[in-house]
Amino acid sequence: MNAADSSLLSRYGGNLPRYTSYPTAAQFSDAVGPEDSRAWLSSLPADQPVSLYLHVPFCDTLCRFCGCNTAVLRNADARAAYAALLHEELRRIIALIGPGRRLTHLQWGGGTPTTLPGSAMRRVMQAIRRDFDIAPDAEISIEVDPRHLPPDYPALLHELGFNRASMGVQDLDADVQDACGRIQSWEQTSDCLNALRAAGVDSINIDLIYGLPRQDTAGVARTARAVASLRPDRLAVFGYAHVPWKQKRQTLMPVGDLPGPQARIDQRAAIDAVLRDEGFLPVGLDHYVSPRDSMARALATGTLHRNFQGYTTDSAPNLIGVGASAISSLPGGMTQNAVSSAAYARLMAADADTLPVVRGVRLGPDDHVRAAIIEQVMCDMQVNLGQVCAQHHLPASHFAPELSRLAPMVADGLVHVTGEQVQVTEKGRSFVRHVAAVFDRYLTADSATRHASAL
């Protein structure tokens with residue numbers, strides 16, 4: 001964004017959801033519970049595939065910037081006991097959806113899933129392979145921490161069928177790392193990537209963050225250039241979300257050193273320029289991919305999707321979350337398990353068949369149509385409202401009020417509107433969440449404060 005466009009910051013500031021779902025988690029409440037989850041899972045058609053997300057809320061050390069539900073747990077027996085709970089929750093889910101269900105996508109996230117003892121990871125993965133029909137082209141992915149990956153884990157991951165790994169780098173500058181409490185050398189990063197690829201886990205994603213304390217445009221560009229030299233298959237470039245009211249660890253961040261909105265925009269632009277120059281393709285709001293990656297093909301064919309894990313090639317209509325704080329997305333609604341590992345364990349122990357769900361949201365017809373629009377905007381940078389309305393048996397003029405609210409963005413060059421076709425411009429890519437927000441009927445000035453910075 002150049003100086004002439006700096007006035008956009010004042011008009012499009014504030015906070016907005018990341019739209020990894022619609023409705024967003026801000027709409028979850030305890031009006032939805034385990035019986036709703038049981039009913040929604042039991043009613044899934046037998047021929048519908050599912051994807052699985054397993055959450056491990058443990059790390060070896062905590063990063064001050066992290067907004068995830070994690071804690072340090074060093075006891076190996078306690079970690080193995082948590083893995084046993086994952087195994088048991090999967091058993092309860094299979095009892096509802098039936099064995100042999102086609103599985104198209106499997107992701108382990110956290111936290112750091114590789115904190116689980118190898119034997120515990122093997123038992124859970126063997127149960128998944130026994131109880132699900134894993135598609136031959138399924139993406140089986142895991143998050144790893146280059147600072148703490150056990151030496152024997154790359155070979156174990158290959159043995160268990162993992163074909164993608166995601167690692168955090170964030171920033172390579174020592175001063176920025178000191179501010180964030182995550183000290184990670186270049187050697188640790190490159191050694192981890194090389195070990196995974198040598199073991200046969202060929203596809204690698206790397207996470208970068210801008211907007212961290214003490215970052216500047218030159219520094220983030222250096223990090224982006226260095227990371228690009230490793231030739232990862234995907235990169236996720238996130239803007240730091242400072243939400244200390246959600247994560248107390250963020251109060252340890254040197255707030256006075258946080259870059260302002262214009263600096264954040266400049267840093268994002270610097271990373272974008274480097275990654276494009278290195279041959280990576282931009283995907284949606286914050287991803288970049290190798291032209292050979294499956295996500296590039298999904299982008300080209302209009303089959304890209306977005307869920308709680310971000311952008312994905314997975315087209316399964318059902319996402320089942322397993323573990324503490326994990327979220328499920330089903331046609332009937334979305335549910336979330338108890339957030340802390342202790343609360344999750346208590347609910348799992350309370351009843352032999354109950355699911356550890358504590359909140360969620362029911363989905364109605366209006367939610368489904370708006371979710372389709374928002375996902376297309378976030379993934380494809382465009383949406384044909386007439387086509388979406390026809391698919392949902394609505395009049396073509398149904399979203400006329402929303403179209404009129406896009407007028408200021410059209411005037412600012414962020415969006416083109418032709419009839420019912422909405423197209424986000426390249427200039428508007430950084431503002432795509434603002435376009436999506438126009439179709440969010442739940443978002444209010446008060447509720448927006450619960451989300452992260454819009455830019």
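**View 1. The end of helix α9 and the glycine that follows in this predicted model.** Helix α9 is followed by Gly279, a residue whose phi is positive, near 95°. The helix itself covers residues 261-277, and its 17 residues reach 24 Å from the first C-alpha to the last, which is close to the 24 Å expected at 1.5 Å a residue.

**View 2. The buried residues of helix α9.**

**View 3. The β-α-β unit formed by β5, α4 and β6.** Strand β5 (residues 101-110), helix α4 (residues 118-131) and strand β6 make a unit of this kind that is right-handed. The two strands, of which β6 spans residues 132-144, pair with each other in the parallel sense over 7 bridges, and within this pairing Gln107 stands opposite Ser141 in β6.

**View 4. The pairing of β6 with β7.** Strand β6 also pairs in the parallel sense with strand β7 (residues 164-170), here over 4 bridges, and Val144 stands opposite Met167 in β7.

**View 5. The surroundings of these elements in the whole chain.** The chain holds 17 helices and 21 strands. Its radius of gyration is 21 Å, close to the 23 Å that the globule rule gives for 455 residues, so the chain is as compact as a globular protein of that length. Of the 455 residues, 53% count as buried, and among contacts between residues at least 6 apart in sequence, 75% join residues at least 24 apart.

Technical notes:
Residues are numbered from 1 along each chain as its sequence is written. This is a predicted model: local features need pLDDT of at least 70, side-chain atom pairs count only at pLDDT 80 or more; totals for chains, interfaces and linings use all residues. Side-chain values use heavy atoms; hydrogens and water are left out. Two strands pair if DSSP finds at least two bridges between them. A crossover is right-handed if, with the strands pointing away from the viewer, the path from the first strand over the helix to the second runs clockwise. The expected span of a helix is 1.5 Å times one less than its number of residues. Buried means under 20% relative accessible area, exposed over 50%, partly exposed in between (1.4 Å probe, protein chains only). The radius of gyration is taken over C-alpha atoms; the globule rule is 2.2 Å times the number of residues to the power 0.38. Contact means heavy atoms within 4.5 Å.
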